[in-house]
Structures are given as C-alpha cells and as structure tokens.
Amino acid sequence: MKDKMPNIDAESFRLPDVDSLALPGEAGHPPRVLMLYGSLRGRSYSRFLTLEAQRVLEALGAEVRVFDPSGLPLVSDEAEKHPKVLELRELSLWSEAQVWCSPERHGAMTGVMKTQIDWLPLAPIGGVRPTQGRTLALMQVCGGSQSFNTLNQMRILGRWMRMITIPNQSSVAKAFAEFDDDGRMKPSPYYNRMVDVMEELMKFTLLTRGRSAYLVDRYSERVESAEELSRRVNIRSI
C-alpha cells in the first residue's frame, strides 16, 4: 500500500466491513465505480485528484473505471451514436456508484464536466436508468481559496439525476500547490478528506446497492403506469 499511496496511515486505513452493511444473499462482487473529471488540460488537477481517489477506492475493494472526456462531443441529436457517448452511457449503466470531480471555473463547474452529465439521460436505456439509485461522491479543485460553488451545483445535479449523493465532499484549495511534479497528491488535510469521502462512498454503496430500485420507487410513477395500463386494456370504442 505504501508504494501506491504513501500518504496513507496503514493503521488507520480500514476496509469496509461488508457483514455490517449487507444482507445475506446479496451480490458479492466488488462495488463498481465510474469516475468523471472535468478538465482536458495536460496538467489537470481534477484528473490528478480523481486518480488519487481511484487508488483509494481500489484499495478499499472497488472495481473502478475512469472515463476520459477527450473527444466527447457537445450534446446534439447528430451525436447520439458517437463512440464516446456510447462509452459513457455504457459505463454509467455498468456502475453502482459514481464520483464527479470538476475544477471551478468562473464560479461554476466546467463545460467539460457539464457535457458529460448532460449526455446521461434520465430516460431508461434498455429498460435501465443510467443514474437513478446510484450513489454519488463529489469533489472539486480550486485555483485559489477554497470554494464550494461547483460542489453545490453538482449536488443539485445529482439530486436531479435521482442519485443518492453522500453527505461528505472534497474541495481542494490552491490545487497547484497540492500535487507534485508527477501529479501525485501531497500529504495534507485535503488528502485525508478525499480518503474520508471515498470511504463513505463505499459504505453507502454497499448499504444501498441491490435496494436502490426499491429506494427510488415512486408513487407518482406507479400511478402513471397504472393509468397507461388502463388505457391499453379498456378500449371503449372499436
């Protein structure tokens, strides 16, 4: 562990206790986590932070895939079948949890981050909604003093996408000072908070996966479905 994550205190780092969170008979595969970051720069601090979080998640027992947004087109009808769009949607369907990490630019998330989220529809794909019921962790990097604007925006989006957004979050101030020349995060309270967030994400994911469809089942949608069924089977005229 020290080779991959030199900032970790091994005595304080604990694997999730699955027996304390899961019910007998539940899926035993590693939690599946999709990670999105919001910058295309060569020295992208949101990517660096995402990769640090990936190492922590894998050490905690997760299966992680990081989506590269390079080449992802802007949202349009013509780009629905673009390979990057299909890749992103397939990864979202695969995931049980997600991590969104964006820089703050002009007091908001970046266009790169928003475009990725905008390509994930609320409507089902093959009968499955690509975000509903999945757990979500949020992180941001700041060029200056600590801010939470981007986190607040992404939290609204997570709720809108019907995701279970965990309470904890990470905001790294003056990110240029928090990573070394190789893009590795230096030891700091910011690093420790990132570990906190990933640990919490794992616990919430283990607690809710397998139950998410029930947790987000809605009365209004059941009523609508019943009305549609009634219209189909009760035809009053021929």
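Both faces of strand β5 (135-141) are covered: T135, A137, M139 and V141 on one side, and L136, L138 and Q140 on the other, are all buried, where buried means under 20% relative accessible area, exposed over 50% and partly exposed in between, computed with a 1.4 Å probe on protein chains only. This is a predicted model, in which local features need pLDDT of at least 70 and side-chain atom pairs count only at pLDDT 80 or more, while totals for chains, interfaces and linings use all residues. Residues are numbered from 1 along each chain as its sequence is written, and side-chain values use heavy atoms, with hydrogens and water left out. Helices (H or I, at least four residues) and strands (E, at least two) are DSSP runs numbered from the N terminus.

- Seven of the seven residues of β5 are buried, so the strand is largely enclosed by the rest of the structure.
- In a regular strand the side chains alternate between the two faces of the sheet.
- β5 pairs in the parallel sense with β3 (residues 97-105) over seven bridges, and also in the parallel sense with β6 (residues 164-172) over six bridges; two strands pair if DSSP finds at least two bridges between them.
- V141 in β5 is the bridge partner of P103, whereas Q140 stands opposite S171 in β6.
- From β5 the chain crosses through helix α5 (residues 149-160) to β6 in a right-handed β-α-β crossover, a term meaning that, with the strands pointing away from the viewer, the path from the first strand over the helix to the second runs clockwise.

**Nonpolar cores**

- The largest nonpolar core has 32 residues, and those with the most contacts inside it are V33, L49, V56, L57, V99, M194 and M198; such a core is a set of buried Ala, Val, Leu, Ile, Met, Phe, Trp, Tyr and Cys residues joined through side-chain atoms within 4.5 Å.
- At least two residues of this core come from each of β1, α2 (45-59), β3, β5, β6 and α6 (189-208), and α6 gives the most, with seven residues.
- Leaving aside neighbours within four places in sequence, V99 is in contact (heavy atoms within 4.5 Å) with residues including V33, L57, L136, A137, M139 and M198.
- A second, separate core of 21 residues includes L34, A79, V85 and M113.

**Helix α3**

- Helix α3 (residues 83-94) has twelve residues and reaches 16 Å from its first C-alpha to its last, close to the 16 Å expected at 1.5 Å a residue, the expected span being 1.5 Å times one less than the number of residues.
- K84, V85, L88, R89, L91, S92 and W94 are the buried residues of α3, and what covers them includes β1 (32-37), β2 (63-66), β3 and α4.

**Individual positions**

- R162, in the loop between α5 and β6, is buried, with a relative accessible area of 18%.
- The side chains of R162 and Q132 are joined by a polar contact of 2.8 Å, that is, a pair of N or O atoms within 3.5 Å, of which, within protein, one must be able to donate a hydrogen and the other to accept it, residues adjacent in sequence counting only if both atoms are side-chain atoms.
- G126, in the loop between α4 (111-118) and β5, is exposed, with a relative accessible area of 81%.
- D196 lies in helix α6 and is partly exposed, with a relative accessible area of 36%.
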